[in-house]
Structures are given as structure tokens and as C-alpha cells.
Amino acid sequence: MLKITCPVCGIEGDETDFHYGHEAHIARPATHDPDNVPSATHSDYLFMRRNPRGLHFERWRCDRGCGKWFHAARDTVTMEFKAFYLMAELPPDALQREAKGEWAEFFARKRRSEAET
Amino acid sequence: MTRYSIFSIARNAMHYHKDWERVWRSPNPKPEYDAVIVGAGGHGLATAYYLAKEHKMTNIAVVEKGWLGGGNTGRNTTIIRSNYLQDASIAIYELSRGLYEGLSRELNYNVMFSPRGLLMLCQTEHELRALKRTSHANRLAGLDCRMITAQEAKRLVPLMNVEADCRYPVLGAYYQPRGGTARHDAVAWGYARGADALGVDIIQNCEVTGVRRNGQRIAGVETTKGFIRTRKVGVVAAGHTSVIMQMAGVRMPIESVCLQALVSEPIKPVIDCVIMANTVHGYISQSDKGELVIGGGADPYNNYSQRGSFPALQQTVTALVETFPFISRLKALRLWGGIVDMTGDRSPIISLTDVEGLYVNCGWGTGGFKSIPGSGFVFADTIANGRPHKIAEPFSLNRFAEGRLIDESVAAAVAH
């Protein structure tokens with residue numbers, strides 16, 4: 001049984017009080033420029049998944065509390081939650097640096113694009 | 001390889017069964033193979049067996065990070081059926097079920113295939129209609145199946161509650177008489193023994209730590225027992241597919257989640273077929289040892305730990321109690337979990353990739369055991385010839401970009 005704390009309303013509950021929302025930090029590509037989305041990008045959004053063994057970033061919904069979606073960082077081997085953070089946020093810096101593989105590339109890209117703007 | 005027969009048993013009985021030879025070798029890896037299969041589960045071993053037998057590729061290896069058959073092959077509920085909705089699915093699952101019929105003889109190894117009949121209960125009007133549709137689709141494809149009434153189902157399983165006054169009354173059932181079970185370990189062991197006898201090296205305790213590429217071509221695999229040079233790699237790693245494919249730089253449309261099952265304490269024979277109750281999410285059969293084998297839905301979240309959480313199991317068992325009231329008094333004897341690889345359309349992936357020489361067979365999700373022989377057969381053909389087998393073709397990786405989904409997510413079975 002996972003124990004989860006909602007970062008929005010602060011309530012702590014069992015996994016059955018929450019709803020799993022799968023991979024975090026994916027944005028629908030058609031939202032900004034619907035006419036120019038290659039099918040590969042769309043298929044990537046719909047079906048391709050970051051599926052790491054280890055640190056993972058995901059969405060949960062506080063079903064029986066405030067009803068809001070939020071993010072969580074969790075280890076998929078030990079099941080340990082590393083952080084709960086809001087929907088509009090990225091995970092804490094330390095966790096971003098701890099991430100491996102596709103997640104590490106994703107956060108590096110985010111940091112680069114932030115540095116440019 | 002000693003051929004097993006009544007005479008070999010008699011011969012060995014004279015030496016108090018102390019002289020049976022080892023069933024497969026434990027070789028060290030050679031520096032180079034014609035092909036390397038990653039993962040010695042049922043699918044990987046079947047692939048190796050058919051590569052050697054049908055395509056005469058005997059200079060191949062199967063590398064396995066643990067022991068052979070120790071993953072999902074040894075963790076499923078051993079159900080074999082082929083009653084899927086889409087034509088592409090029926091083709092591969094029925095090929096597989098058909099191969100199971102003759103597998104013990106083919107491998108000279110008793111896999112205890114038992115076509116004891118499979119029932120899918122209809123417990124809502126919608127489910128009755130959906131399964132009628134499935135049965136029509138199956139009969140058009142030539143499958144032996146039919147719809148039966150609740151009373152007929154009751155005759156097959158007298159202990160089942162078919163009263164009309166429950167939350168989910170049994171309104172009828174889909175019946176596939178040649179569905180059933182087999183002994184899961186024996187399937188892995190039989191293929192391993194067969195492949196080994198044909199010269200395939202099965203290398204256990206040998207984890208793949210990297211996939212080496214030469215540009216867009218496969219150059220070999222790094223393992224804990226050193227580098228193995230090869231031009232063809234078949235990844236058959238179920239729940240760990242994403243991890244291996246990441247090493248080769250290929251993204252996969254897969255999420256790994258835990259699927260649990262349990263067995264009860266052994267009791268006298270009460271159920272002699274396989275029963276699936278999809279609306280309430282549970283399936284049940286009885287093993288030869290007398291244990292009731294029970295499975296249900298997968299845990300929702302990504303998981304590589306091979307351990308599930310209690311609520312998913314609890315839900316499965318509570319769901320079955322109304323239809324099978326007697327199970328409420330039984331004790332659970334063992335429970336376990338396996339890491340299954342779920343695709344978006346709940347259909348498998350048997351495919352070439354953008355990397356030349358890299359092949360992948362995964363995405364069997366919660367239904368891998370039933371498909372071991374067919375999957376190995378078409379994947380071996382795909383690897384040997386460098387192009388998809390006709391039955392494997394619809395299951396290619398690019399179906400996700402082309403919008404050619406083979407949607408079994410709502411059509412097929414309980415655990416989706």
C-alpha cells in the first residue's frame with residue numbers, strides 16, 4: 001500500500017484514495033499549433049512512454065480530498081516517494097539531477113530552454 | 001539429449017534415478033553468435049527453439065539475467081485461450097493455441113496442456129452483447145466456440161452461483177471448449193531443453209548492461225559476462241523491454257506494471273474448467289494440486305518490484321465471492337506479482353526497429369503465457385528472414401504512428 005500526501009490540500013491517504021495519472025510533464029503537441037504536428041510527434045505524445053526502472057515522475061489525482069491533480073517523484077523499484085509537487089512545477093533540482101536516461105535528457109532540455117529565455 | 005519415454009524411466013529406475021543427465025548445459029558465452037535473444041522466458045526460449053529448428057540458426061544464444069523461466073513465465077495463471085476480437089489477434093493467439101495442442105509431443109516434454117474448456121461469464125447485458133459479438137467474430141475466423149446459457153454454465157460448474165438476485169447475475173457465458181491450461185514451468189523447460197539439444201547456448205545469470213551499435217546497425221551486447229558480438233539481437237524482455245531498448249536508443253510505447261495472482265490452499269476438485277468474470281475483474285481455475293488459481297486486474301502504477309499492493313488482490317477476491325461463495329472460507333496459500341509490459345492498445349509488438357538487426361517482441365501485457373508458442377514461431381521467422389512474418393506484420397511498432405491500432409483494450413479480457 002502506497003502512502004501519498006497531496007501537495008495541494010495536504011491530506012495524507014492510501015493509494016486507494018488517489019488516482020494514478022501516468023507519466024508526468026507531457027504536453028499535448030496540438031495545443032499551440034494544431035496544423036503543424038507531424039504524426040510521429042503525435043504518436044510520441046499518445047503512445048510512447050518514459051518507463052524507467054528507478055526514479056520516475058508521474059501524475060496523481062487527490063480523488064477523495066481536494067480533487068486536484070499533482071505530480072509525484074517515485075522510485076519504481078523501492079516504491080518510495082521522493083517528492084510531491086504541484087501541477088505547474090518541475091521536480092526539485094536535486095531530483096532532476098538524480099534522474100537517469102530519458103528523464104535526465106528531458107530536464108537538461110528544460111534547463112537549456114529556460115537559460116535561453 | 002536423452003529421449004524421454006517409458007523405457008528411459010524404466011532404465012533409470014534400475015539406477016534409483018540417480019543417473020538422469022542434465023536437461024540443458026550451462027555454457028559460457030562465445031565471443032560471437034549469429035543472433036542473441038535477450039530474455040530466457042517462454043517467448044525467448046520458444047524463439048530460440050524455432051530459430052534452430054525451423055531456420056537452422058543454431059549458432060545463437062539466449063542471455064538471461066536471472067534463471068530461465070523465472071519471470072512472468074513462472075508467475076502467470078497458465079490460461080490458454082484464443083478468443084480475441086480482432087482478426088490479427090485471433091490469427092496469432094489461435095496459431096499459439098494450436099501449437100500447444102501438439103507441444104508435448106513436439107518437445108518430447110510433458111507440458112501438461114489441458115484443454116479443459118474456458119468460460120467467460122456475461123454478468124451485464126452489455127457484456128452479453130459484447131461476448132456475442134466476440135463469439136461471432138471467432139466463429140467467422142473458424143474458432144471452435146459458442147455462447148451458452150446460465151443453466152448450461154451451471155451444469156459445467158455446479159458450485160457457481162447463477163441466481164438472478166445478485167449484483168452481477170450470470171446471464172450466460174462464452175464457451176471455448178479447447179481453451180484451458182498448461183504447466184507454465186514445463187513450457188519454459190521444454191523449449192529450453194529442445195533449444196539446447198539443437199545447439200543453442202542458454203546463458204543464465206548474464207545480465208545485458210548495454211547494447212552496442214555501429215551507426216544504425218547492431219554490433220553486439222554488453223553483458224555481465226563480457227561483450228558478445230552479433231548482428232542480430234531479439235529483445236524478449238517483457239516488463240524490462242523499455243530498459244533494454246533504452247540502451248539501444250529506441251523509445252517504446254510501454255508501461256511496466258505489476259500483475260498479481262494467488263492460489264488458495266489445496267481442496268478437492270471443484271472446478272474443472274477455466275472461468276473468467278470480466279465485469280467483476282477476476283478469473284479462476286483449479287490446478288492439478290487442488291489449489292484454486294486466482295488472478296485479476298493489474299495494479300495501476302508503474303512498478304518494477306515484482307510485488308503488488310494489497311488493494312488490487314483484495315478487489316479481485318471480493319469480486320469473485322458473489323459468484324463463487326465457497327471461496328470466502330478458503331485461505332490464501334501463496335501470492336505473487338510479475339512485471340507486465342502494457343501497450344496502449346493492449347496488443348503485442350513483434351517488430352523490426354529503426355536499428356538494423358534489432359528486433360523486439362513485447363507488449364504481451366497480461367496475456368503472454370497463452371501466446372508463447374505462436375509468438376516464438378513468428379518472431380523466429382521474423383529474425384531469420386529480416387522481415388516480419390505475415391501473422392506478425394500487423395503487430396509492428398509503426399502501427400502507433402500510422403494509427404493502425406489493434407484494439408483489444410476493451411474487447412478482450414479481464415485484466416486490461
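View 1. Chain B has an average pLDDT of 95, and 98% of its residues reach at least 70; pLDDT is the predictor's confidence in each residue, on a scale from 0 to 100. Residues 412-416 of chain B fall below 50, yet beyond near neighbours in sequence this stretch has 24 contacts in the model (a contact means heavy atoms within 4.5 Å). This is a predicted model, where local features need pLDDT of at least 70, side-chain atom pairs count only at pLDDT 80 or more, and totals for chains, interfaces and linings use all residues. Residues are numbered from 1 along each chain as its sequence is written, chains are lettered from A and ligands numbered from 1 in the order in which they are written, and side-chain values use heavy atoms, leaving out hydrogens and water. The model's scores are ipTM 0.94 and pTM 0.95.

**View 2. The fold of chain B.** Look here for 11 helices and 19 strands; helices (H or I, at least four residues) and strands (E, at least two) are DSSP runs, numbered from the N terminus. The radius of gyration of chain B is 21 Å, close to the 22 Å that the globule rule gives for 416 residues, so chain B is as compact as a globular protein of that length. That radius is taken over C-alpha atoms, and the rule is 2.2 Å times the number of residues to the power 0.38. Along the principal axes, the C-alpha atoms of chain B fill a box of roughly 65 × 65 × 40 Å.

View 3. Chain A has three helices and six strands, and along the sequence they read β-β-β-α-β-β-β-α-α. Its C-alpha atoms fill a box of roughly 40 × 30 × 25 Å, taken along the principal axes. Zoom in on Lys3(A) and Asp14(A): they form a salt bridge, with the closest N and O atoms 2.7 Å apart (the rule asks for a side-chain nitrogen of Lys or Arg within 4 Å of a carboxyl oxygen of Asp or Glu). Lys3(A) sits in strand 1 (residues 3-5) of chain A and Asp14(A) in strand 2 (residues 12-14), so the pair ties together parts that are 11 residues apart in sequence.

**View 4. Where chain A meets chain B.** The contact takes 25 residues from chain A and 23 residues from chain B. Phe47(A), Asn51(A) and Arg53(A) supply 30% of the area that chain A buries against chain B, more than any other three residues. Buried area is the accessible area (1.4 Å probe) that two parts lose on being put together, summed over both; here that is about 2200 Å², 53% of it on carbon and sulfur atoms.

**View 5. A salt bridge across the interface.** The rule finds two salt bridges between chain A and chain B. In one pair, Glu102(A) joins Arg251(B), and the closest N and O atoms are 2.6 Å apart.
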